[in-house]
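Thanks for coming. I have one model to go through, and I will keep to the contacts and the ligand. Please have a look at it before I start.

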Amino acid sequence: MKKIEAVIQPFKLDEVKEAMHGIGIEGLTITEVRGHGRQKGHKESYRGQEYHVDLLPKVKIETVVPDARAEEAINVLTSAARTGKIGDGKIFVYDVAEAIRIRNGDRGDASL
Ligand SMILES: Nc1ncnc2c1ncn2[C@@H]1O[C@H](COP(=O)(O)OP(=O)(O)OP(=O)(O)O)[C@@H](O)[C@H]1O
Ligand SMILES: [Mg+2]
């Protein structure tokens with residue numbers, strides 16, 4: 001299994017969520033976060049307040065998927081989240097050792 005962790009523009013959340021649901025990925029965790037990439041927050045949408053805004057609001061999406069679905073999920077997420085401008089975000093991919101559905105003890109792919 002892989003954990004796909006994406007930091008995206010908040011206004012892209014609904015589009016990304018629908019795209020993931022569209023390929024049958026149902027389990028997601030969303031967190032409102034703040035961050036910056038290599039521009040350190042400057043030259044993005046808070047131009048008028050550059051001097052005191054350096055950590056911009058973003059949304060972090062985490063989803064754990066079977067290994068065989070990871071590339072597809074990354075591709076769908078990337079195209080749904082992309083505007084082509086700086087600040088579109090980033091995706092990090094991790095190996096997941098185990099997953100358990102608490103209700104019935106399902107493990108691995110069957111628990112996702
Ligand atoms: N190396 C990193 N480690 C952890 N989080 C990161 C990293 N790079 C970016 N992020 C997170 O992703 C968000 C969006 O990053 P962003 O898209 O601006 O990356 P970038 O490398 O500056 O690319 P771009 O040039 O397209 O803007 C940041 O606000 C931050 O929360
Ligand atoms: Mg950036």
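K17 and D14 are separated by about one helical turn, since they stand 3 residues apart in helix α1, residues 13–22.

Before going on, the ground rules. This is a predicted model, in which local features need pLDDT of at least 70 and side-chain atom pairs count only at pLDDT 80 or more, while totals for chains, interfaces and linings use all residues. Residues are numbered from 1 along each chain as its sequence is written, chains are lettered from A and ligands numbered from 1 in the order in which they are written, and side-chain values use heavy atoms, with hydrogens and water left out.

K17 and D14 form a salt bridge, with 3.7 Å between the closest N and O atoms. The rule here is a side-chain nitrogen of Lys or Arg within 4 Å of a carboxyl oxygen of Asp or Glu. K17 has a relative accessible area of 29%, so it is classed as partly exposed. As for the classes, buried is under 20% relative accessible area, exposed is over 50%, and partly exposed is in between, using a 1.4 Å probe and protein chains only.

How many salt bridges does the rule give? The count is 9. Another of them joins R69 and E72, at 3.0 Å from N to O. Both ends are partly exposed: R69 has a relative accessible area of 25%, and E72 is at 34%. There is also one between D106 and R101, where the closest N and O atoms are 2.8 Å apart. Here D106 is partly exposed at 27% relative accessibility, and R101 is partly exposed at 25%. Finally, salt bridges link K2, D67 and D95 into a network.

Now the overall layout. The chain has 2 helices and 4 strands, and along the sequence they run β-α-β-β-α-β. Of its 112 residues, 31% are buried.

Next, the ligand. Which residues are closest to ligand 1? They are G35, R38, G87, G89 and K90, out of 14 residues that surround it; to be counted, a residue needs a heavy atom within 4 Å of the molecule. Strand β4, residues 89–95, supplies the largest share of that shell, with 3 residues.

On polar contacts, the cut-off is a pair of N or O atoms within 3.5 Å; within protein, one must be able to donate a hydrogen and the other to accept it, and residues adjacent in sequence count only if both atoms are side-chain atoms. G87 places a backbone N or O atom 2.8 Å from an oxygen atom of ligand 1. G89 also has a backbone N or O atom 2.8 Å from a ligand 1 oxygen. K90 uses its side chain instead, with a polar atom 2.7 Å from an oxygen atom of ligand 1. On its own, ligand 1 has 610 Å² of accessible area, and the protein covers 72% of that. Those areas come from the Shrake-Rupley method with a 1.4 Å probe; for residues, only the protein chains shown count as cover.

Last, some residues away from that list. T63 is in strand β3, residues 56–65, and is buried, with a relative accessible area of 1%. The T63 side chain reaches the backbone oxygen of G27 at 2.8 Å. K58 is in strand β3 as well. Is K58 buried or exposed? With a relative accessible area of 8%, K58 is buried. The side chain of K58 makes a polar contact with the Q9 side chain, at 3.3 Å.

I74, in helix α2, residues 70–81, is buried at 17% relative accessibility. I74 and E5 are 69 residues apart along the chain, and their C-alpha atoms are 9.7 Å apart.

E26 is in the loop between α1 and β2, the latter being residues 29–35, and is exposed, with a relative accessible area of 68%. E26 and V64 are 38 residues apart in sequence, with 9.7 Å between their C-alpha atoms.

That is what I have for today.
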